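User: I'd like to learn how to read a few features of a protein model. Could you walk me through them?

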Amino acid sequence: MANLRAIFKHPEDLYPLVKLKLAARQAEKQIPAEPHWAFCYSMLHKVSRSFALVIQQLDTDLRDAVCIFYLVLRALDTVEDDTSIEAEVKVPILKAFHQHIYNSEWHFSCGTKEYKVLMDEFQHVSVAFLELGKGYQEAIENITMRMGEGMAKFICKEVETVDDYDEYCHYVAGLVGLGLSKLFHASGKEDLASDSISNSMGLFLQKTNIIRDYLEDINEIPKSRMFWPREIWSKYANKLEDLKYEENSVKSVHCLNDMVTNALTHVEDCLKYMHALRDPAIFRFCAIPQIMAIGTLALCYNNIQVFRGVVKMRRGLTAKVIDRTKTMSDVYGAFYDFSLMLKSKVDDADPNARKTKDNLEKILKLCRNSGALGLRNSYIIQSKPRYNATMIAAIFIIIAILLAYLSATPPTYMIGFILSWKNLIPVANHSKRLMIYKCYTSQAPFLAFMKQIMCHCVLNLTSCSWSLVSNTTF
């Protein structure tokens, strides 16, 4: 119901949502037949649907390498996150994980839900890993070893200072940035990016997640997970968990804003990294999560709901980011828009207001100086929608009535009528006309076809031209 309300409020989200849904179904159809690869790609869809969509556009060898890299690190992270595992058991597993990936029989039961399945059947990931090229294997092993060592270090160490915070984020995410840079280079498609800016790509994403996930981490059972550095939160509370209590709301928000301000320091490096990418598929793979991160920070900033529940971008806006991020102009535009949104929320009474504004102004200046802002249409700061909620609702009701009627009525008498809709559904040749005729020979295919018509109506509703619709595969 919440999603329906969001569509009524933002009808322009409808087309990207439908397109994303169709893309997800298409991606699921592309899962390889081999059992180990089928497991890996099916698992990828379960643990990160949006990531699974983004990597589908990569070339096959790089796509396979990135898929396995993600699952190996996801498994490593599952071991680290499971607070029910005693340190004396967990630490040796983390340190030896880079060796386990070469063992096609190794698995370890931990985690919950889909993550437990990943760990219970990890041997499939190992088998797939062993089929990768040598360069990919070496890069994945190296990063897994370094990450496992770093995670083990922080099992027995609290995040006290901002330097500790940066070090922890380096181990769990900065190394992911370094690893991806190595995989891109091994594919021959990109130059090897410097460790510094590769690290920043990971830190920006990880710090965003740590900020957003405060409540989930602090309420973890049987033991809280605490990643916010004491150097920051101790300025506002005696204990990190005190920030979730209503009586501390003002100081909690000030602490939150301090954390967001810290995360913004990595944006300049991230923009520099993305600007240097040459391959369009790799660029989109890297750019989409970064835009999601700056958008999430804009929503979290000055928002007490971070301490009350879940704060995240609405699905329609996420679908737009995935659909429309194609060039560096789109990236500059998104960072500019979200930075303006964040800047509008800065309260001069906040103890870090000046620092926050300075960080934001650096980002805004960088985006303006790119000369790219005029080359894109903003999908974040919206103009008045062309179609209002009442019209959307009316169209849905009409379509629902039509589908209900057709489900109870033999459709064959309508063949001639539907085939006469030349202006609605262009039919280029005899084979397509034959295909349309065949779809009316039974009840179920006809209803499926009517759903296609509904999708075409959605496309038109969101200002998409009929030339685009005519290129859509039935």
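**Reading the features**

Analyst: Gladly! In this predicted model, Lys21, Arg25, Lys312 and Arg315 form a positive surface patch.

User: Where does Arg315 lie, and is Arg315 buried or exposed?

Analyst: Arg315 belongs to helix H17, which covers residues 315–324. Arg315 counts as exposed because its relative accessibility is 56%, and the cut-off for exposed is over 50%.

User: How should I read a positive phi?

Analyst: Start with the general idea: most residues other than glycine have a negative phi. Here, Lys113 has a positive phi, near 55 degrees. Lys113 sits in helix H7, residues 113–120, and counts as exposed because its relative accessibility is 69%. Asn302 also has a positive phi, near 60 degrees. Asn302 is in the loop between helix H16 (280–300) and H17; with 32% relative accessibility, Asn302 counts as partly exposed.

User: Which residues does UniProt list as "transmembrane region"?

Analyst: The unreviewed UniProt entry lists residues 281–304 and 387–406 under that name. In the model, the span 281–304 is 83% helix and 0% strand, and its end C-alpha atoms are 37 Å apart.

User: And what does a buried residue look like? Take Ile210: which helix holds Ile210?

Analyst: Ile210 is part of helix H11, residues 195–212. A residue counts as buried under 20% relative accessible area, so Ile210, at 3%, counts as buried. For a contrast of sequence and space, take Ile210 and Phe227: they are 17 residues apart in sequence, and their C-alpha atoms are 6.8 Å apart.

Terms used
Residues are numbered from 1 along each chain as its sequence is written. This is a predicted model: local features need pLDDT of at least 70, side-chain atom pairs count only at pLDDT 80 or more; totals for chains, interfaces and linings use all residues. Side-chain values use heavy atoms; hydrogens and water are left out. Patches are made of residues with over 30% relative accessible area and no salt bridge: like charges are joined within 9 Å, nonpolar side chains (Val, Leu, Ile, Met, Phe, Trp, Tyr) within 5 Å. Accessible areas come from the Shrake-Rupley method with a 1.4 Å probe; for residues, only the protein chains shown count as cover. A salt bridge is a side-chain nitrogen of Lys or Arg within 4 Å of a carboxyl oxygen of Asp or Glu. Lys and Arg count as positive and Asp and Glu as negative; His and the chain ends are not counted. The place of a charge is taken as NZ of Lys, CZ of Arg, CG of Asp or CD of Glu. Helices (H or I, at least four residues) and strands (E, at least two) are DSSP runs, numbered from the N terminus. Buried means under 20% relative accessible area, exposed over 50%, partly exposed in between (1.4 Å probe, protein chains only). UniProt positions are given in the numbering used here, feature names are shortened, and annotations may be inferred rather than shown by experiment.
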